[in-house]
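Reader: I am new to this structure and would like to learn how to read the place where two chains meet. Where should I start?

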Amino acid sequence: MGERIRRLREDTTAASDTAELMRRVARGDEAAFERLYDVLVGPLFGAIRRIVRDPAQSEEVTQEVMVELWRSAARYSPERGSVMTFAMTLAHRRAVDRVRSAQASADREDTVGRREVGRPFDEVSEQVATRLEQEQVRRCLATLTELQRESVVLAYYGGRTYREVGELLETPLGTIKTRLRDGLIRLRDCLGVA
Amino acid sequence: MNADVHALTGAYVLDAVSDLERVEFERHLGDCDACRQEVAELRETATRLGTAAAVESPPWMKTAVMARISQVRQLPPDAGALASRRRASRWALRVSSAAAAVLLVTTTVLGVQLMRTEQSVEDAQAQTELMASILRAGDAQLVTQGDSSSGRMVMLASRAQDRMVLVTDGLPAAPAGSDYQAWTLGDETRSAGLIKPEDGRATLEVSGIDTAQQVGITVEPAGGSDQPTTQTIMQFPLV
């Protein structure tokens, strides 16, 4: 519980603080990295879990992403966005890469089968730690049209390409592209992302 | 500004594009301030979808990561230009001539997979034979880039036979008004021909690789160019 509260508090750490941490990490400061890890790991691991599903693989990808953040800390520039966005962008890309290469290398059946026997270890803490954030995102997702929402969710959490989304929703590709963009724009406005 | 490319902003931010489309889009971003602004905002938005999924992580993971970073050297500050090259090399699988023979079976399977649909049996056989005959060369090299969901390209080459074949799978059509063009790169850059995927698949046989050090693929105006006019989207090292 203590861990949970601490993390909640650090989730709300101002972006400028994490940017400062990142600057220190770029100079090789391992203690700063440890603090940054605490701020980032819950969201990154959660997002990766949603996409990859398999717990063991999700843990692997999360560790890779963390090490990559350490490695490439000097390439972060605050003008291009928050540290969380920098890290989440990397995490999403890696998770999607993992899912697609698994898909390419073969039997989806098998992967799906393995996913379903995954350890069900964190349903409860998921609800506690991020309820507010979740509720806001859920509320804003609800303002999208059904097609926008389905497209965005399949692409972001499902790791699908827009081509796959088009096939799954039996919708022309041009329409899917537009819906993804319009959906995100509507989400942006609802969430108040500057 | 190309409206068609621009419409990809959402898909790009959600990583819902193929690797080739990503490269194209990032090139477009370089010339489009408004797009960069939109991408930044939509990225921040997509990140909220990620943070909303936060869960607790197993504590051992932190110990493991802290132990690993103490052994990882950090990169110097730099522009992001290296990222895509690193990405490509991660996928590059170079096969030494000795290993090529061992991989023959695998490759034959791959070859058959690459050619499975909508092709006459004769075509498929000719292709298989072509690949097999290059593989029989003592110095065959096989390099794969990408994957079948976002566009994969296999280069099979032999210096002894002075030829190579490029086979694609799942390669998206080149953007409207353009073609993929292959080049042999070395002391001089020479066109090796156009690659026109049909339903993602294409085969390009090239005789005369000469002293080329690399094979590169670019996107060129339809019909191809005399010399490359854009950056390569894929490169294959030639030993």
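Author: Start with area. The size of an interface is often given as the accessible area lost when the parts come together. In this predicted model, chain B and chain A bury about 6,200 Å² between them, with 58% of that area on carbon and sulfur atoms.

Reader: How many residues of each chain are in contact?

Author: On chain B there are 59 residues in contact with chain A, and they touch 72 residues of chain A.

Reader: How many salt bridges cross the interface of chain B and chain A?

Author: The rule finds six. In one salt bridge, the side chain of B:Lys62 meets that of A:Asp38, at 2.8 Å from N to O. As for polar contacts, 27 residue pairs between chain B and chain A are counted, both residues having pLDDT 80 or more.

Reader: Which helices of chain B supply the side that touches chain A?

Author: At least two residues each come from H1 (3-6), H2 (9-13), H3 (19-30), H4 (33-51), H5 (59-69) and H6 (81-91) of chain B. H4(B) gives the most, with 12 residues. By type, that side of chain B divides into 28 nonpolar, 12 polar and 19 charged residues.

Note on methods. Residues are numbered from 1 along each chain as its sequence is written. Chains are lettered from A and ligands numbered from 1 in the order in which they are written. This is a predicted model: local features need pLDDT of at least 70, side-chain atom pairs count only at pLDDT 80 or more; totals for chains, interfaces and linings use all residues. Side-chain values use heavy atoms; hydrogens and water are left out. Contact means heavy atoms within 4.5 Å. Buried area is the accessible area (1.4 Å probe) that two parts lose on being put together, summed over both. A salt bridge is a side-chain nitrogen of Lys or Arg within 4 Å of a carboxyl oxygen of Asp or Glu. A polar contact is a pair of N or O atoms within 3.5 Å; within protein, one must be able to donate a hydrogen and the other to accept it, and residues adjacent in sequence count only if both atoms are side-chain atoms. Helices (H or I, at least four residues) and strands (E, at least two) are DSSP runs, numbered from the N terminus. Ala, Val, Leu, Ile, Met, Phe, Trp, Tyr, Cys and Pro count as nonpolar, Asp, Glu, Lys and Arg as charged, and the others, Gly among them, as polar.
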